[in-house]
Amino acid sequence: MKKGMRLFGLSLAIVLSTGSLLAQGQHGWNGPNRDGIFPETGLLKEWPAEGPKMLWETMEIGQGYSSPVIVGDRLYITGMNEDKTKEVFYAFTLDGKLVYKVDYGNPWTDTYPETRTTPTIDGGKAYVISGSGEIVCLNAADGKEVWRVDGGQKFQRMTGKWGTSECPLVYGNKIIYSPGGNKTTIVALNKDNGETIWESEPLGEHSTYVSPLLVTNNGTSKIIGMTGKSVYGVNPDNGKIDWTFKEWGRTPEDLAKGFESIATNTPLYKDGCVFICNGYDMGSFLLQLNGDGTQANLVWRNNDLDTHHGGFVLVDGVIYGSNWISNSQGRWCAVDWETGKTLYDTAWPGGASKGSIVAADGMLYMYDERRGMVGLARPNPEKLDIVSQFRVNKGTGPHWAHPVIHDGVLYIRHGEMLRAYDIKRS
């Protein structure tokens with residue numbers, strides 16, 4: 001039995017992924033399909049002992065856990081101002097020069113107020129959601145505000161202990177936001193003016209630190225969201241909640257005490273199945289959708305992989321990610337997608353702990369949250385197969401921002417620091 005203090009380390013700007021419906025021109029969280037897979041080729045298969053060549057570094061992005069988004073010749077990211085009273089949207093050139101920065105919202109005012117939202121760029125506009133629940137649209141070219149909605153107040157949001165941690169999802173002409181609570185559960189705003197298009201029914205449950213998942217199942221679009229007690233499926237055209245799933249694996253005693261799951265991770269979707277995994281011994285499970293996505297049934301559950309907030313990737317039928325032992329400890333796991341069988345559960349040698357993971361060009365990129373080790377590994381269902389590693393030695397706070405790979409460059413954030421590394425084969 002894994003043990004540890006049940007203190008929460010806060011989610012990153014975790015968004016639910018799809019991998020199937022994002023060919024709308026939007027760019028945002030965790031790769032073009034929001035599944036941690038970056039469509040790169042020609043990348044290095046091993047690194048020098050000191051790590052790949054650093055192209056540039058900036059210490060100007062403020063405190064935060066969000067990841068950069070690269071569109072055209074610009075890099076966009078969010079962070080805090082110096083006194084942590086405002087969240088800030090930054091635009092940089094691809095050689096690390098600041099183009100502009102603009103305040104856009106109010107942070108969460110309790111523990112871990114640092115910026116969480118990775119921006120979504122769509123049609124020349126940037127969409128962000130603050131820790132206090134403001135949904136804001138900016139012109140990506142100059143940062144000027146187009147519209148804003150105080151979603152926390154308007155929709156009477158009901159969050160857990162760490163406020164709102166959500167990255168916007170664009171669906172057609174809609175921006176999706178999930179406030180939770182007794183007024184509604186998830187809403188759609190007009191992406192051009194912020195007006196409300198629909199509000200779902202309320203489930204009367206806290207929102208989580210996870211954004212909605214958009215999938216296509218047998219030609220039918222579906223939004224999958226989460227509260228602290230439920231996974232649910234929503235019709236994206238009218239906001240109707242078609243199903244809920246509450247078999248999280250907790251005991252009746254837990255539920256009687258009003259248990260709320262600390263859910264942070266972007267699920268994975270493939271061939272009608274949704275993989276969901278979160279920490280604190282919640283474990284992971286696979287749901288099978290019916291033909292039109294109006295029902296979901298449990299396929300399998302796994303108690304070894306319970307990712308805290310580092311995400312996971314699916315490569316060649318195997319799920320790779322880290323698990324939670326305590327808030328500062330975790331091992332790395334591989335789980336078979338079809339059966340839920342644990343293929344390995346092992347520590348990262350040398351003292352590294354759990355962390356985030358992405359994949360590109362047939363390799364895994366791991367980022368240890370405690371010591372800042374960055375690892376390059378082969379996807380191997382039999383063992384943790386690390387080829388190269390180096391340590392990030394600047395920045396402050398936990399290493400919670402997920403890596404990003406774009407055009408042969410690996411971007412690593414640590415608090416107020418952002419670095420770009422050349423990982424392209426010459």
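Contact here means heavy atoms within 4.5 Å. With that rule, Ile-405 touches Phe-38, Glu-40, Leu-43, Val-358, Ala-360, Tyr-365, Leu-410 and Ile-423, leaving aside residues up to four places away in sequence. Keep in mind that this is a predicted model, where local features need pLDDT of at least 70, side-chain atom pairs count only at pLDDT 80 or more, and totals for chains, interfaces and linings use all residues. Residues are numbered from 1 along each chain as its sequence is written, and side-chain values use heavy atoms, with hydrogens and water left out.

**Nonpolar cores**
- A nonpolar core is a set of buried (under 20% relative accessible area, 1.4 Å probe, protein chains only) Ala, Val, Leu, Ile, Met, Phe, Trp, Tyr and Cys residues joined through side-chain atoms within 4.5 Å.
- The largest one has 31 residues, and Tyr-365, Ile-405, Leu-410 and Tyr-411 have the most contacts inside it.
- A second, separate core of 18 residues includes Trp-243, Met-282, Phe-285 and Leu-287.

**An open sheet**
- Strands (DSSP runs of E, at least two residues, numbered from the N terminus) pair if DSSP finds at least two bridges between them.
- Four of them form an open sheet in the order β17-β18-β19-β20, with antiparallel pairing.
- β17 (213-217) and β20 (241-245) are at the edges with a single partner strand each, so one side of each has no neighbour in the sheet.
- β18 (residues 220-226) and β19 (residues 231-234) pair over four bridges.
- Gly-225 sits opposite Tyr-232 in β19.

Methods: Buried means under 20% relative accessible area, exposed over 50%, partly exposed in between (1.4 Å probe, protein chains only).
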